[in-house]
Amino acid sequence: MSESTSGAGTLVALLVFVAASVWLGTVAQRIVKRGSFLRGYFLGNRGLGAWALALTATVQSGGTFMGFPSFVYSHGWSLSLWIASYMIVPISGFAILGKRLAQLSRRTGAITLPDLFRERFASPALGLLTLVFVLFFMCFMMVAQFKAGAIVMKVAWPGSGALALEETTGNLDYYYYLGLTIFALTVVGYTVIGGFLAAVWTDLFQSVMMLVGVMILLPLVLTAAGGLEHASRVAAEQTSRAFLSPTGYSADGRTFLPLGLAVSFFFVWVYAGMGSPAGMVRVMASKSSGTIRKSIFLLAVYNMLIYLPLIVICICGRAVIPELSKTDEIIPRLALHTTRHLTGGPLLAGLILTAPFGAVMATVSSFLVVIASGLVRDLYQRFLRPQASMSEIKRLTYAAMILVGAVAFVANLRPVAYLQALVVFSGSGAAAGFVVPAAMACYWRRATAQGAFAAMASGATTIVSLYIAGFLGDDPGIGQATDFRPYYLLGVDPILWGLAASLISGITVSLLTRPPSPDLVARLFDCTPAALGTDV
Amino acid sequence: MPEDPIVRSSRREAVAAFAVWLTAMSYTVGYCYFYGYRDPAAIRLIGGVPDWVLYGVVAPWTVCTIVAGAFAYFISDADLGAELDESEGDLFAGDEAGNE
């Protein structure tokens, strides 16, 4: 197999993955049929186990997984500080809101995030605002992911001559459109078949594939680089000593990670994981509090086994394949380079390359479920036709998923240019919009619907405003080099300002408005007679 | 009725998790500020890893993984309660007028 292009092994591995995903969709469908359609299709009958919850609720999107190796290759050891907050994501992601959110969703019967806010605060207006923000932020992210999926498929196609997961809008040839079509049909197809569970199981599958890929690649790359010590020295000689520093090396002289952004990323990844609508729904779907508890440790071990080795792999990559012009190619290049002399090398390379494809598929399918549930449950059933029959809801759910998939497909005929930046924007926006209202919903009896409304609106609009200001303003020369950049007020990421605005307005407006109905609060915060009888 | 024990235990665990996040952030950023954000020529490699990464990121990451294990062991299990039946409709039917 050539080192510069993929072979049949890659395509075979991807097609096996696609077939396995569709099979998982059909298995999921059987389980969905056992209970109520809405609860089964959108929430998997609240049956998620520890492994499924741990490896699918807070792990970042395919875009992040593909962008991260490129960043390490380009900027060096700085990325260890950039991603360091993942050390705490398992604890913060599950222990701050998890158990209470799962309980609250059961007490209110909530199936979706808008459902939860609507019922907790007795406010249809708040439910509608939640839906608007869920659709806004998740549509951005999902459309961007479609492009990534199409490009991975193009990479896998023998003869396409492509190896990049690049973000430029160039090279949109026959293989790109073929990849887009196959990707869209597959991911929409199995998600329509199996709903939430299909999305979760394929997500779990890809998370395991990612770990397998990293574990295979790590010794191969370390050997090829002559050890980590040698790799770090060679990389620093190729670039500068800044490659070893937390500020990071940048070929264009920008400061990749100044101290303000280093602090910011302890907010970005932690709160983006906690505030992701797809992640919150998965916590709501967990089987028991024991499931949430075990997930904390499983995810902690998983994160440590993924991110630290991935940094080592890409630092070694700089020594093994120096001066790579398209840095997004680093993982595919390393996979092909280090397996080329091994028995079964092409299949092994294919196995490694399957991981980013699976990551994108899993992200898209989980977003499809959340968006479709918002349109059908929170808009159609709540506002337009409350008396709709279940068969009507079912038909509409399938139609909504196909429609959303079709819109994303059409949007990617001329794809967006800022995939990675859109991922950060969507994650920050959802975090600033939902984390504070969710914490108020879980723990503050005095919180009012108006307070939660203000918290959500101010957090999300702060993020959007700072991104608009950054897009229109001058490049400050820090962070990622992209036109779709935020305005770094006082040198920190917008998420800090969004969370602060959300917290201040949520508390202030709640205290200035009439307290919530004591009866409603008692039903959601106090023991039930049944619970008292059984000594919870 | 007294407050649900799950609300109390969840609140307690949330505060503990928040404290762990704050501690991890303060240590990591603090250590990296003092030992990483300096003249790059002064950065030493230990087994190929820059010293600030080893003590400022890898060490606390290992500690956090152990703490996560302790969290998983010590936080309390509880019955999350019965599901409100879909046929029961809106939880807040009747409350809306008083709250809006």
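In this predicted model, 63 residues of chain B are in contact with 64 residues of chain A. Four elements of chain B each give at least two residues to the side that touches chain A: helix 1, strand 2 (49-50), helix 2 and helix 3 (96-99). Helix 1 of chain B provides the largest share of that side, 17 residues. Sorted by class, the residues on the side of chain B that touches chain A are 40 nonpolar, ten polar and 13 charged.

**Chain B**

Chain B contains three helices and two strands. Read from the N terminus, the order of these elements is α-β-β-α-α. Of the 100 residues in chain B, 33% are buried.

How do two helices of chain B pack, and at what angle? Two packed helices are described by the angle between their axes and the distance between the axes. For helix 1 (residues 5-35) and helix 2 (residues 51-74) of chain B, the angle is about 170° and the axes are 8 Å apart. Angles over 145 degrees count as roughly antiparallel, so helix 1 of chain B is roughly antiparallel to helix 2 of chain B. The crossing of helix 1 and helix 2 of chain B is right-handed. On helix 1 of chain B, the contact is made by B:V20, B:A24, B:Y27, B:T28, B:Y31, B:C32 and B:Y35. On helix 2 of chain B, it is made by B:D51, B:W52, B:Y55, B:G56, B:V57, B:P60, B:C64 and B:V67. The contact between these two helices has twelve nonpolar, two polar and one charged residues.

**The nonpolar core**

In soluble globular proteins, nonpolar side chains tend to be buried together. The largest nonpolar core of this model has 223 residues. Which of them touch the most other members? They are A:Y271, A:I296, A:C316 and A:A452. Helix 10 (residues 174-225) of chain A gives this core its largest share, 25 residues.

**Helix 7 of chain A**

Helix 7 (residues 98-108) of chain A is mostly covered, as ten of its eleven residues are buried. The buried residues of helix 7 of chain A are A:G98, A:K99, A:R100, A:L101, A:A102, A:Q103, A:L104, A:S105, A:R107 and A:T108. Just after helix 7 of chain A comes A:G109, with a positive phi of about 75°.

Most residues other than glycine have a negative phi. A:A122 is not a glycine, yet its phi is positive. A:L490, also a residue other than glycine, has a positive phi too.

| Residue | Phi | Loop in chain A |
|---|---|---|
| A:A122 | about 55° | between helix 8 (113-121) and helix 9 (124-156) |

Is A:A122 buried or exposed? A residue is buried if 20 or more other C-beta atoms lie within 10 Å of its own. A:A122 has 27 other C-beta atoms within 10 Å, so A:A122 is buried. A residue with 12 or fewer is exposed. A:L490 has 7 C-beta neighbours inside 10 Å and therefore counts as exposed.

Notes: Residues are numbered from 1 along each chain as its sequence is written. Chains are lettered from A and ligands numbered from 1 in the order in which they are written. This is a predicted model: local features need pLDDT of at least 70, side-chain atom pairs count only at pLDDT 80 or more; totals for chains, interfaces and linings use all residues. Axes are lines fitted to C-alpha atoms, for helices over the stretch in contact, and angles run from 0 to 180 degrees between N-to-C directions. Angles under 35 degrees count as roughly parallel, over 145 as roughly antiparallel, 65 to 115 as roughly perpendicular and the rest as oblique. A crossing is left-handed if the near helix is turned anticlockwise from the far one by less than a right angle, and right-handed if clockwise. Two residues are in contact if their C-beta atoms, placed from the backbone, lie within 7 Å. Ala, Val, Leu, Ile, Met, Phe, Trp, Tyr, Cys and Pro count as nonpolar, Asp, Glu, Lys and Arg as charged, and the others, Gly among them, as polar. A nonpolar core is a set of buried Ala, Val, Leu, Ile, Met, Phe, Trp, Tyr and Cys residues joined through C-beta atoms within 7 Å.
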